[in-house]
Every structure is written in structure tokens, then in C-alpha cells.
Amino acid sequence: MDKPVPHPNSDTRSFWEGCHAGVLRYQCCGNCGTVQLIPRAVCSHCHTLALEWKDASGHGTILSYTNVYRAPTQAFRADVPYVIAIIDMDEGFRLMVNVRGGPGPHVQIGAAVRVDFEQRGEVTVPIAVLEAQ
Amino acid sequence: MSMNAYISGAFDTRVGELPGSSCMGLHAEAAFGAIRDAGLEPGDIDGVLCAYSFTEPHLMLASVFCEHTGIHPNFCAAIQAGGASAAIMIMQAAALVASGQCNHVLVVTGDNRLTGMSRDGAVAALSEVGHPQFERPFGISVPASYALVAQRYMHEYGVQPEHLAAIAVEHRRHASRHPNAHKRELITINDVLQSKEICSPLRLLDCCLISDGGAALVISARNAGGNVKRRVEILGAGQGHTHEHLVSAPSLTDFGCKQSAARAFATAGVRPADIDVAQIYDSFTITLLVELESIGFFGRGEAGPAALEGALGLSGRLPCNTHGGLLSYGHSGAAGGMFHAVEAVRQLRGEAHGRQVEGAHLAFVHGDGGILSAHCSLVFGAA
């Protein structure tokens, strides 16, 4: 059983193409400037369709995390324990990603991370890396 | 203020491990039990609301149910809002009878989630509420999502593992007084703290059960007949919706239960302090703690210490989930939330026997769907 891979659609293709090229992208509303937490088709604030893509710095902080001991499917069983973290990116968007290296004393709320990428079959997905302490 | 809607019948099937049960069989048992309890005949039912099933999934579950049972209503639909489904079905049924479109609406739920599929199958199916592109590729599950909430909430408000454990312990104490509860043997705080790690900081005994079971209510119009003396009035209802996927939640500590409860209390014209007994969605210990504080039953950071001191117990400040909740009574999909509503009806009728809250006159019922995503709050009053 393979891990689920994202299937990009017209709302998200630019994000996943960016990951493949090693660039983290996010959406910003061309009308009101609101940064979208995750990619979508319409601005969650002013509801116009004028969303624009920008390149992110790749830096953020851990909003929350969990060490997973009970995997949801067979595909993740070999990885336990692994970390799932929600990252508040410096630009104001959000990612849910794994943290490289798994659980450890430095995986903490508020810890600084940068986003790297890893290959998942033919798809590239983001992964958080703890900044040097 | 009146919503012009009454609960005239309530019934729940046995819960737990029920070999030989089926999704539709549990629906039928619950439905006809509730109709009998209301003093009605199946032909009196002119509205039917169902939810969803994991073991017999169907695009039109309410139509499948009506075909299965030979009920031919004027109004028939399925509502899917995860753990908020039961409460939302009740709110919708209230609107149907209050508007004169129906006289008696059957709201019915059930699933044989324990014996009809493997535990792994249930965990995997539930993980599909995660975002297919921005959550599921990273191994998210429902417990992991609530663990992310728990970690943040504990960080901000100083909640300790003992506080969450106290909630699990009190639920088991409640369940020990209910003859039908899935898990009745008492547990200690140490048992919870020593139980298997699932997703930090949540352990096995912080998590709800997986059970077979079904439950139903009949919601009736004011002058529609039935057993008027035993009916319970729906005094208030409200919903709150902020997100579906946790990665898109505007906050990890503030959720739509605040709005849903405020609306329900305002409609009923009561305050949290007026509530005699509460039946609040408890998929995990953290779920209940967050809801208790967001709704206003306790201040931020106060529900945990209060739970340790017995505030949620039968003689506590807010007797909560007196049947044992999802943590210990049982959780059968959408029926899990319906068990809370059935227990509220029993309490308000004075039929809760060894777990009766003396003089219970006002009950609060709350459902939460997704990851604290969809909320529906109800206030019930004794006749």
C-alpha cells in the first residue's frame, strides 16, 4: 500500500508544480491582499476570483505538532513514530507537513523551521526541517 | 421563546459488540422503538431524516431506510455533518414541524461499525475527512487532528494530562451506572496516563470507542398528538461553522461551538448557568474540554481542574454525559451524537434511574463534526 499522493487540480496545480521545482508558493488575493491559508479558487475574505501566486521564503514556526504512534493506514505504519506539524509560514499561509527526523526534544510549539521537499513517487511534497538551534 | 417543536419519542438499541447486527437492522430497531415510545403508529410518520453509514454507505440512505422499513413520508433526506449530524437532524426536524410541513419527523441513526468492519477499516475510513492534498499525504488521522488541537490548547491554557484523564475517568464512572454502556469497568487517572500512546498528547483512553448501535427520536408539532405528557420541548438551537480541514481552521483554540451555543442559548432565553444536565460531544477528552470552555460552562483553563474535582459528575456543578458519552457509553457513527440526545430526553423525563440528575429541567445537547469544524447546539426543556 502506497502513501496517498496529492492529485493537483486547477486550484492547486501551481503549488505542486512549485514543490516539484523546489519553490514553495502561496496565494494572495489580488483584490484585498488576503493571504489564503491553503490554495483555493476564491478569496476566503472578499470572495473575488483574483487570486495570485507568490513565492514564499520557506520559513515558518510550529503552531502545533503531534507524535503519531498509531498510523491511519498500512502505508504509514513503517514510519511510526512520525511527527505531523502545522506550520505558520512567515507570509501568513499554513502547511500541515511531517518534520524530518521524527520526534525529538526540539520539536516544540514555536520552534523555527524551514521547508524542504521530498520525493513521493512522481510527486514532490513539502517537509519541515528544524532550523539550527 | 418557543420553537414549536417537541421530542415525543426516544429510543436506543443495545450498544457495543453486536454480532449479527446490520446498519439497516439497527436503524429499524431504533426507529420503531422511538415511534412506539411516542405512542404513534409507523403511518403517523410523515418526515424522515437519516445520516450516513460506513458499513452500508449509500448516496440516498434515507430512501434506503424508507424502502427497508415500508415508511412512505412526505419529506425524506439524509444529512451528513459527521458528529454534528444528529444535532443538525434534530434542528432540521424542528424546523419541519414548526413550519407545518410535517407533523411527526423520525430522525434515525445507526451503524454496526464495530462488527461490520475492522477497527483498522474504521480508522482508515475516518482519516478520509483529512484534506486529500494538504493533510492526508502526511499521514493525518482523526486522533492526530485532535492531538494537534490538544497540544496547542494545553500550551496556551496550561491544561495538564491529568485534566484530560479526569474527563475519561468521570465518563467511565457515568457509564458504570448505565446498564447498556459498552465499557462499564471503572478506570483510574493512572490507567489513562499509562494507556497506549496514540498521537501525543492523546492516549488510548483519551479516545472514544468504536461500537455497534442505533438511536432515534420522533420530533412532533405542538398539536400533533402522541403522548403529550412525556414529551420534551426543543427550546433553542444554533449552529456554528468555521472550517472543515484543521489546516484551514482560523484558530486551534477557538471554534464554532461558541457561536452555535450562543445562538441556542439566545433562542431558548437561558444562560449556561441555568443548565441542569449537559450531553456534549466527547470524541476525545480534549474535544469535551475545548467545548466546555468555548461554550462558557467554564472559563479558559478551568474545565480541567474542575473535572479533577468532580464538577462533571452526577452531583457536580455540571453533570455531563451521564450515560458515559462516546468515551465509555459507545460511539456508532452518527448514532454516537444521537445517544447524547436520547440521554437528555431520559434525564428530562426523570427516567434515568440510577444516574438521574435530580430535578433536571433544562438540558444542553451539543454535536461536533469533523475536527471541531461543524457545531450544533440544542437546549431541551422538561414538559
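Student: How many bridges join S8(B) to strand S11 of chain B, and do they run parallel or antiparallel?

Tutor: This is a predicted model, so keep that in mind throughout. Eight bridges link S8(B) to strand S11 (residues 374-381) of chain B, and the two run antiparallel.

Student: Which residue of S11(B) is the bridge partner of Ala237(B)?

Tutor: Look for Leu378(B) in S11(B); Ala237(B) is paired with it.

Student: Which strand do two bridges join to S8(B)?

Tutor: Strand S1 (residues 6-12) of chain B. S1(B) and S8(B) run antiparallel. Find Tyr6(B), and you will see Glu233(B) of S8(B) opposite.

Student: Why is strand S8 of chain B largely enclosed?

Tutor: Start with the side chains. In a regular strand they alternate between the two faces of the sheet. Now the case here. Strand S8 covers residues 232-241 of chain B, and nine of its ten residues are buried, so the rest of the structure largely encloses the strand.

Student: Is Cys50(B) buried or exposed?

Tutor: Count the C-beta atoms around the residue. The cut-off for buried is 20 or more others within 10 Å. Cys50(B) has 29, so Cys50(B) is buried. This residue sits in strand S2 (residues 47-50) of chain B.

Student: Which residues is Cys50(B) in contact with, leaving aside its neighbours within four places in sequence?

Tutor: They are Leu61(B), Ala62(B), Phe65(B), Ala78(B) and Val108(B). Gly83(B) is 33 residues from Cys50(B) in sequence, and their C-alpha atoms are 13 Å apart in space.

Student: At what angle do helix H5 and helix H9 of chain B pack?

Tutor: Two packed helices are described by the angle between their axes and the distance between the axes. Here H5 (residues 142-157) and H9 (residues 285-295) of chain B pack at about 50 degrees, with axes 9 Å apart. That makes the pair oblique. The crossing of H5(B) and H9(B) is left-handed.

Student: Which residues in H5(B) meet H9(B)?

Tutor: Tyr146(B), Val149(B), Ala150(B) and Tyr153(B) do, and they meet Ile286(B), Thr287(B) and Val290(B) in H9(B). The residues of this contact divide into six nonpolar, one polar and no charged.

Student: How many residues of chain B are in contact with chain A?

Tutor: 27 residues of chain B, and they touch 30 residues of chain A. Helix H4 (119-127), H5 and strand S5 (197-199) of chain B each give two or more residues to that side. H5(B) gives the most, with seven residues. The side of chain B that touches chain A holds 15 nonpolar, eight polar and four charged residues.

Conventions
Residues are numbered from 1 along each chain as its sequence is written. Chains are lettered from A and ligands numbered from 1 in the order in which they are written. This is a predicted model: local features need pLDDT of at least 70, side-chain atom pairs count only at pLDDT 80 or more; totals for chains, interfaces and linings use all residues. A residue is buried if 20 or more other C-beta atoms lie within 10 Å of its own, exposed if 12 or fewer, and partly exposed in between; C-beta atoms are placed from the backbone. Helices (H or I, at least four residues) and strands (E, at least two) are DSSP runs, numbered from the N terminus. Two strands pair if DSSP finds at least two bridges between them. Axes are lines fitted to C-alpha atoms, for helices over the stretch in contact, and angles run from 0 to 180 degrees between N-to-C directions. Angles under 35 degrees count as roughly parallel, over 145 as roughly antiparallel, 65 to 115 as roughly perpendicular and the rest as oblique. A crossing is left-handed if the near helix is turned anticlockwise from the far one by less than a right angle, and right-handed if clockwise. Two residues are in contact if their C-beta atoms, placed from the backbone, lie within 7 Å. Ala, Val, Leu, Ile, Met, Phe, Trp, Tyr, Cys and Pro count as nonpolar, Asp, Glu, Lys and Arg as charged, and the others, Gly among them, as polar.
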